[in-house]
Amino acid sequence: MNDDADLMRRIAGGESDAFRVLVERYERIGYNFFLRLTGVSEDAEDLTQELFIAVFRSAGRYRPDAPFKAFFYRIASNLSASHLRKRKLRAAQSIDEMVERGFDAASARHEDDPALSLDGREMRRRYEEALAGLPRDWRIALELRVAGELTYEEIAGAMGKSVSAVESILVRARERIAEKLDEG
Amino acid sequence: MDCRKIRRMVSRELDGALDGAGRADLDSHLALCAGCRRFRDLSLAGLSIHRSVKEADPPPSLLPSILAAVEAGPRWGWMHGWLRIAVPAAVAAAAVFGVWVGGLMHESYSPATAGNQTDVLELTYLDEYPPGSLGDILMTSSGGGGDEQR
Ligand SMILES: [Zn+2]
């Protein structure tokens, strides 16, 4: 058997092969989660490494009755929150600078889409800008929902909030984004 | 039904969490309210933009560096409370003492030797609570992570 819970049990037992399988399985997910949130590939790389070190070290504390995905994203969310807090992104950097610097990586992955009209590109720029301007918890919640495809319950577990708080965050994040998309 | 409730329903709809009864309320409100229709259209556009971001490939060096970090890293996970500070402090003190004694014993001690000392002091695992460690996670989840907007 090679499911996540089984891998975690084996990792806790010191099997390095199991750890490698787990990293191979989730490395891309973790890296892209952090890349979306930080916009900086070096940061995403460092955070992904920290994430897996934390998973490895806490393998003995993992309980298989909770889905591994929730456990994984809980650590990832905490790392992101702590990283974004340290960098004080919203306070220290202007949104312009952030879009220019931070979202290069994400935006670049759209540029090669020839089907996208000028309006489409403008919408996308505004969307990235709106996203960059959201409070960090809102961004994390949105990322967990849209990219991570977590349910409200799973997001609540990952972020240590109530389901109703998560729902409110998502609504407010979307309202804020809609306002930005509507501007100009 | 007021627009605040409707926007919550739109958000649920985007997340595939809207039930049948909610759907009927939503549709009848949207037929009458241009503001909520606009919110829904823009939110759908935003969702589609968000989903269209292509995933990036992690750098090939990432996997080996994760495995190496875990392989090389001492397990500090068993340390709790004051040990978190006391043990690294003792290690640092021993290192400093060792360098001092070494300096006394070795006339050839030079600033070049001091470079090695810096490497020791830069060990990531000497952090009080390494990011992502259980201590850090527990600290963050119990106290931090607050939503500054509320
Ligand atoms: Zn309305």
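**Figure 1. Helix H4 of chain A in a predicted model.** In this predicted model, H4(A) has 20 residues and reaches 28 Å from its first C-alpha to its last, close to the 28 Å expected at 1.5 Å a residue; the expected span of a helix is 1.5 Å times one less than its number of residues. Helices (H or I, at least four residues) and strands (E, at least two) are DSSP runs, numbered from the N terminus. Of the 20 residues of H4(A), 15 are buried, so the helix is largely enclosed by the rest of the structure; here buried means under 20% relative accessible area, exposed over 50%, and partly exposed in between, with a 1.4 Å probe and protein chains only. Local features need pLDDT of at least 70 and side-chain atom pairs count only at pLDDT 80 or more, while totals for chains, interfaces and linings use all residues. Residues are numbered from 1 along each chain as its sequence is written, chains are lettered from A and ligands numbered from 1 in the order in which they are written, and side-chain values use heavy atoms, with hydrogens and water left out.

Figure 2. The structure holds 11 aromatic pairs over all chains, where rings of Phe, Tyr and Trp (its six-membered ring) pair if their centres lie within 6.5 Å, and planes under 30 degrees apart count as stacked, over 60 as edge-to-face and the rest as tilted. A:Phe33 and A:Tyr73 form an edge-to-face pair, at 5.4 Å centre to centre and with 70° between the planes. Because A:Phe33 lies in helix H2 (residues 16-38) of chain A and A:Tyr73 in helix H4 (residues 68-87) of chain A, this pair ties together parts that are 40 residues apart in sequence. Both A:Phe33 and A:Tyr73 are buried. In a second pair, the ring centres of A:Phe52 and A:Phe72 are 6.0 Å apart with their planes at 55°, so the pair is tilted. This pair links distant parts of the chain, with A:Phe52 in helix H3 (residues 41-57) of chain A and A:Phe72 in helix H4 of chain A, 20 residues apart; A:Phe52 and A:Phe72 are both buried. One aromatic cluster is formed by A:Tyr26, A:Phe33, A:Phe34, A:Phe52, A:Tyr62, A:Phe68, A:Phe71, A:Phe72 and A:Tyr73.

**Figure 3. The zinc site of chain B.** The protein donors of the zinc ion are B:Cys3 (SG), B:His29 (NE2), B:Cys33 (SG) and B:Cys36 (SG), which lie 2.1 to 2.3 Å from the ion; donors are N, O and S atoms within 2.8 Å of the metal (3.2 Å for Na, K and Ca), and as water is not among the atoms, sites may look incomplete. The site is tetrahedral, with angles of 103 to 113° among its 4 donor atoms, a class that for four donors requires all angles to lie between 85 and 135 degrees. Along the sequence, the donor residues are spaced C-x25-H-x3-C-x2-C. Among them, B:Cys3 in helix H1 (residues 3-14) of chain B and B:His29 in helix H2 (residues 20-32) of chain B are 26 residues apart and link distant parts of the chain. B:Cys3 is partly exposed, with a relative accessible area of 32%, whereas B:His29 is buried, with a relative accessible area of 14%. Leaving aside neighbours within four places in sequence, B:His29 is in contact with B:Met1, B:Asp2, B:Cys3, B:Ile6 and B:Cys36, contact meaning heavy atoms within 4.5 Å.

Figure 4. B:Arg8 lies in helix H1 of chain B and counts as partly exposed at 25% relative accessibility. Leaving aside neighbours within four places in sequence, B:Arg8 is in contact with A:Ser164, A:Glu167, A:Ser168 and A:Val171. A:Val146, in helix H9 of chain A, counts as buried at 8% relative accessibility. With neighbours within four places in sequence again left aside, A:Val146 is in contact with A:Arg174, B:Leu47, B:His50 and B:Arg51.

**Figure 5. The loop residue A:Glu149.** A:Glu149 lies in the loop between helix H9 (136-146) and helix H10 (152-159) of chain A. Although A:Glu149 is not a glycine, it has a positive phi of about 55°, and its relative accessible area of 56% makes it exposed.

Note on methods. Tetrahedral: all angles 85-135°; square planar, octahedral: opposite > 155°, others 65-115°.
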